[in-house]
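Thank you for asking me to look over this entry with you.

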Amino acid sequence: LGLGSAAGFTALRPNPGSAVPSDDGSIRSAGAGGDLPGFGGEALPCHGAHQAGITTPSTAHARYVAYRLRPEVDADGVRRLFRILTEDIEGLASGAAPLADPEPELAARPSRLSVTVGVGAGLVDRVDPSRRPEWLKPLPAFAEDRLDDRYGDGDLLILLQADDPLPLAHAARMIHRDLTGFAEHHWTQQGFRQARGSEADGTTMRNLMGQVDGTVNPHPDEEDFDPLVWIGADGGWMSGGTALVLRRIRMELDTWDQIDRPGREITIGRTLDDGAPLTGGDEHTPIDFEATTPLGLKVIPMAAHARRAHSTDPDERIFRRAVNYDDGTEAGLLFACYQRDPYRQFVPIQQRLDEMDMLNEWVTHTGSAVFAMLPGFAAGETLGASLTG
Ligand code: HEM
């Protein structure tokens, strides 16, 4: 990183074949290579009531990058920072490349790149502490947590997602370069799902324990999705935004592998084969939590993860969007979930899991962060303008 000044490159122009994505939610061909075969030319619209990258289709790669604001950055600095980010996001997501991009070729095939921006309490406080949402603070400590500050909360979050790691890395570098005057890098967490094309689109992902992960999840097409996830008109400047909880969860795969298959399946309450409940049916058959064995025991054990995580209160649900991580020495899940209020949704679920969950034998939470994911923005508007005015 640290490209330094872009002086001398300002004469570079966007690719002639570039197209700005449409605002109707559709994916458009982008960049100079838009009519080439493959998915590289697909661009996700970055404009809308909500930021892209939260409910837009999950991509193969994700990178979370957190920053700390430099001490001298005030409300006006935050306003300038948001303006620069807006231009970068528009250029990078469309494949047109930001104006001063020295390597626009690396942006030309965005592969559904999205850049989603979240803010921490520290940033809101620079603008106006009275505007900080009540929930924007470190989560309460859980007994089983083994948190490492290296993956703790920050002032600013840049979440990059794409099906190709190349435009993603380029976008991260362009944004890093532009943020240098405003913020210092805090941490990066890189994750992945199955490669695009290895499975039919829409297939539920598998985590590194081999489980189908993400089956029971609110869907954006469902009527009750919006009130669970998007902050409403009463949320002031956060209206149209959402709260992200990101937990880095290490998996003990060596000891997990020593458990036989039935043992691994009852830990969750679902089969490893296709993720169907142990009470029968296919992946999307509802779990029968009441079913018993001939001996009168519950088929889904009382401490099974799916039972403990299940919410009987419909308002307590979260929208999960995890990715795997594997840095060569350690593997696990970058567990991300979106909601209106982490204290009403994530925290009570995690409290149950922390108290009792068979999965705890093999998973450890090592990082925790909460960010206010900014509302979306329309063409001609600036991201985060509702906060900075
Ligand atoms: C369900 C894995 C951590 C919340 C599941 C399922 C799997 C799974 C395989 C069943 C399939 C599905 O519905 O997605 C894991 C692993 C974790 C983890 C491997 C850690 C590495 C968490 C955490 C939370 C959570 C931290 C929230 C605090 C849920 C919920 C469900 C679920 C809400 C759906 C329960 C239902 O059936 O209603 N998880 N999970 N999980 N998990 Fe996790």
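The points below take up the annotated domains, a pair of helices and the surroundings of the ligand.

1. Please keep in mind throughout that this is a predicted model. The residue numbers used here start from 1 along each chain, as its sequence is written.

2. UniProt, in an unreviewed entry, lists residues 51-193 as "domain: Dyp-type peroxidase N-terminal". In the model this span is 29% helix and 22% strand, and its end C-alpha atoms lie 21 Å apart.

3. The annotation "domain: Dyp-type peroxidase C-terminal", which also comes from an unreviewed UniProt entry, covers residues 205-376. Over this stretch the chain is 19% helix and 21% strand, with 26 Å between the end C-alpha atoms.

4. Two packed helices are described by the angle between their axes and the distance between the axes. For helix α1 (residues 75-94) and helix α3 (residues 165-179), the axes come within 10 Å and cross at roughly 160°. Angles over 145 degrees count as roughly antiparallel, and α1 and α3 are therefore roughly antiparallel to each other. The crossing in which α1 passes α3 is right-handed.

5. Which residues make this contact? From α1 they are Ile84, Leu85, Asp88 and Leu92, while α3 contributes Ala171, Met174, Ile175 and Asp178. Sorted by class, the contact of α1 with α3 has 6 nonpolar and 2 charged residues, and no polar ones.

6. Around the ligand there are 27 residues, of which Gln211, Thr215, Val216, Ala309 and His310 come nearest. The elements giving two or more residues to this shell are β7 (242-251), α7 (305-309), β10 (331-339) and α8 (346-355). The largest share, 4 residues, comes from α8.

7. By class, the shell around the ligand divides into 16 nonpolar, 8 polar and 3 charged residues.

Conventions
This is a predicted model: local features need pLDDT of at least 70, side-chain atom pairs count only at pLDDT 80 or more; totals for chains, interfaces and linings use all residues. Axes are lines fitted to C-alpha atoms, for helices over the stretch in contact, and angles run from 0 to 180 degrees between N-to-C directions. Angles under 35 degrees count as roughly parallel, over 145 as roughly antiparallel, 65 to 115 as roughly perpendicular and the rest as oblique. A crossing is left-handed if the near helix is turned anticlockwise from the far one by less than a right angle, and right-handed if clockwise. Two residues are in contact if their C-beta atoms, placed from the backbone, lie within 7 Å. Ala, Val, Leu, Ile, Met, Phe, Trp, Tyr, Cys and Pro count as nonpolar, Asp, Glu, Lys and Arg as charged, and the others, Gly among them, as polar. UniProt positions are given in the numbering used here, feature names are shortened, and annotations may be inferred rather than shown by experiment. A residue is near a molecule or strand if its C-beta atom, placed from the backbone, lies within 6 Å of it.
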